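Trainee: Could you walk me through this structure slowly? I'd like to learn how to read one.

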Amino acid sequence: MNRLQVRLALVASALVAAAALPVRAEDASKAAPAAPAAIDPCAPATRKVCCKEWVPENYQCTRTVNKVECRTETYTAYKCEWVQETRQRTVTCCKTVSEVQNVTKTVTECVPVVEERTTMQSHWVCKPTTKTVTKCVDRGHYECCEVPCGPSMKDRLHKLTSRLHKHGCGCDSGCGGCADACAPACECVRTKTVKKWVPNMVQEQCTVTVNERVCEQRPVTCKVTVYKPVQKQVLCQVTVCKKIPETRVENYTVCVQKRTPCQATRTVRVCVPTQETYTACRMVCREVVKEVPCAPACPTTCCDSGCGCGHAHFHLGGAGLLSKLKGHGHHGCDSCGSSCCN
């Protein structure tokens with residue numbers, strides 16, 4: 001179905017284009033007798049039409065272009081060289097010279113001078129002074145008391161003698177231990193009466209006279225040797241350094257740059273205008289005769305039947321292409337209303 005619609009659309013567009021192109025009368029007159037009588041009058045036919053087309057055309061033209069060429073040219077170059085050169089210059093320098101000169105100077109001297117001056121001297125003198133002092137006095141007393149005392153010499157000898165005797169106490173062991181054991185029982189504590197000082201410290205105020213050293217200043221007249229500065233003029237010799245300018249000529253060496261010309265060659269690129277011929281293409285409008293398909297004419301027209309419309313009508317058949325495109329049947333002529341004309 002889609003292919004059929006595409007074909008119909010292509011044929012319709014070809015017919016519309018053919019109707020818009022101008023048709024010559026001579027082409028129509030030539031096309032009429034060319035159709036054979038034996039062919040079906042409703043079969044598709046062709047005709048020649050004249051149309052304008054844009055056709056590409058090649059032509060020759062000339063243009064100027066710049067071409068780059070390499071050329072060798074000679075030029076003058078300069079070679080730089082450093083050359084030592086001896087020159088002279090005048091130099092002024094200062095020379096130092098020593099010279100002895102007599103100069104008067106002011107000198108300050110210290111001269112001894114004896115002067116009589118009164119000075120204060122310090123003397124230490126002892127003077128009696130009465131003072132009230134507080135002292136701590138022991139106002140204690142002696143008391144008699146009994147104190148234990150040690151064994152006497154006689155007791156010590158007796159104890160020693162009893163230890164030397166082996167059977168002094170009738171002990172079978174003969175160790176002498178009974179004497180020691182019995183000694184505490186038979187001995188008594190001995191005491192003695194002694195005097196003991198009982199202290200009693202009391203603060204008391206008392207007046208005392210003491211000698212104090214006092215420093216006194218006394219004026220004393222004495223002779224003192226002092227040094228006084230005295231200024232005087234003295235002639236002395238001084239060595240002075242003087243600078244004397246001196247001019248002399250000296251030689252020195254400098255490096256001087258010298259340029260020596262020489263010939264050299266180099267290759268340069270030059271743009272040279274050149275005429276060249278090239279082929280260009282342009283579009284030209286020309287008349288072309290083409291053979292296009294067209295619909296055949298009806299065997300009988302409404303004009304031949306005497307409708308008097310004065311137009312030539314073409315028949316597309318009972319089921320013509322245009323009727324298929326428009327979707328309805330044939331239309332009759334405006335004047336005669338014949339259904340054969342379309």
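Mentor: We will start with the whole chain and then turn to single residues, and please keep in mind that this is a predicted model.

Trainee: What about contacts, how much comes from residues 24 or more positions apart?

Mentor: If you take the contacts in the protein chain with a separation of 6 or more, 92% of them join residues 24 or more positions apart.

Trainee: What pLDDT does the chain average?

Mentor: The average pLDDT of the protein chain is 75, and 67% of the residues score at least 70. For residues 169-186 the pLDDT stays under 50, and the model has seven contacts beyond four places in sequence for them. Residues 299-342 also have a pLDDT below 50, and beyond near neighbours in sequence that stretch has 56 contacts in the model.

Trainee: Why should I be careful there?

Mentor: Where pLDDT is low, the predicted coordinates should not be read in detail.

Trainee: OK, changing topic: how far does helix α3 reach?

Mentor: Helix α3 covers residues 153-164, which makes twelve residues, and from its first C-alpha to its last it reaches 17 Å, close to the 16 Å expected at 1.5 Å a residue.

Trainee: Why does α3 lie largely in the open?

Mentor: Helix α3 lies largely in the open because the number of buried residues among its twelve is zero.

Trainee: Now the cysteines. How many disulfides are there?

Mentor: The count comes to zero disulfides. Take Cys-93, which is in no disulfide: the nearest cysteine sulfur is that of Cys-94, and it is 7.1 Å away, whereas a disulfide needs the two sulfur atoms within 2.5 Å.

Trainee: Is Cys-93 buried, partly exposed or exposed?

Mentor: Cys-93 counts as partly exposed because its relative accessibility is 22%, and Cys-236, with a relative accessible area of 23%, is partly exposed as well.

Trainee: Where is Cys-144, and is it buried or exposed?

Mentor: Cys-144 sits in strand β2, which runs over residues 141-148, and with 60% relative accessibility Cys-144 counts as exposed. Leaving out residues up to four places away in sequence, Cys-144 touches Thr-193, Val-194 and Lys-195. The C-alpha atoms of Cys-144 and Lys-195 are separated by 4.5 Å, although the two residues are 51 residues apart along the chain.

Trainee: And Cys-222, which residues does that one touch?

Mentor: Cys-222 lies in strand β4 and is partly exposed, with a relative accessible area of 27%. Not counting residues up to four places away in sequence, Cys-222 touches Glu-115, Glu-116, Arg-117 and Thr-119. From C-alpha to C-alpha, Cys-222 and Thr-118 are 6.3 Å apart in space, while in sequence they are 104 residues apart.

Trainee: What does Thr-274 touch?

Mentor: Thr-274 also has its place in strand β4, given as residues 201-294, and outside four places in sequence it touches Arg-63, Thr-64, Val-65 and Lys-67. Thr-274 and Lys-67 are 207 residues apart along the chain, yet their C-alpha atoms are separated by 6.8 Å. The side chain of Thr-274 reaches the backbone oxygen of Val-272 at 3.4 Å, and because its relative accessibility is 23%, Thr-274 counts as partly exposed.

Trainee: Last one, where does Arg-190 lie?

Mentor: Arg-190 lies in the loop between α4 (177-186) and β3 (191-198), and at 36% relative accessibility it counts as partly exposed. Setting aside neighbours within four places in sequence, Arg-190 is in contact with several residues, including Val-147, Pro-148, Cys-149 and Asp-155.

Definitions and conventions:
Residues are numbered from 1 along each chain as its sequence is written. This is a predicted model: local features need pLDDT of at least 70, side-chain atom pairs count only at pLDDT 80 or more; totals for chains, interfaces and linings use all residues. Side-chain values use heavy atoms; hydrogens and water are left out. Helices (H or I, at least four residues) and strands (E, at least two) are DSSP runs, numbered from the N terminus. Buried means under 20% relative accessible area, exposed over 50%, partly exposed in between (1.4 Å probe, protein chains only). Contact means heavy atoms within 4.5 Å. The expected span of a helix is 1.5 Å times one less than its number of residues. pLDDT is the predictor's confidence in each residue, from 0 to 100. A polar contact is a pair of N or O atoms within 3.5 Å; within protein, one must be able to donate a hydrogen and the other to accept it, and residues adjacent in sequence count only if both atoms are side-chain atoms.
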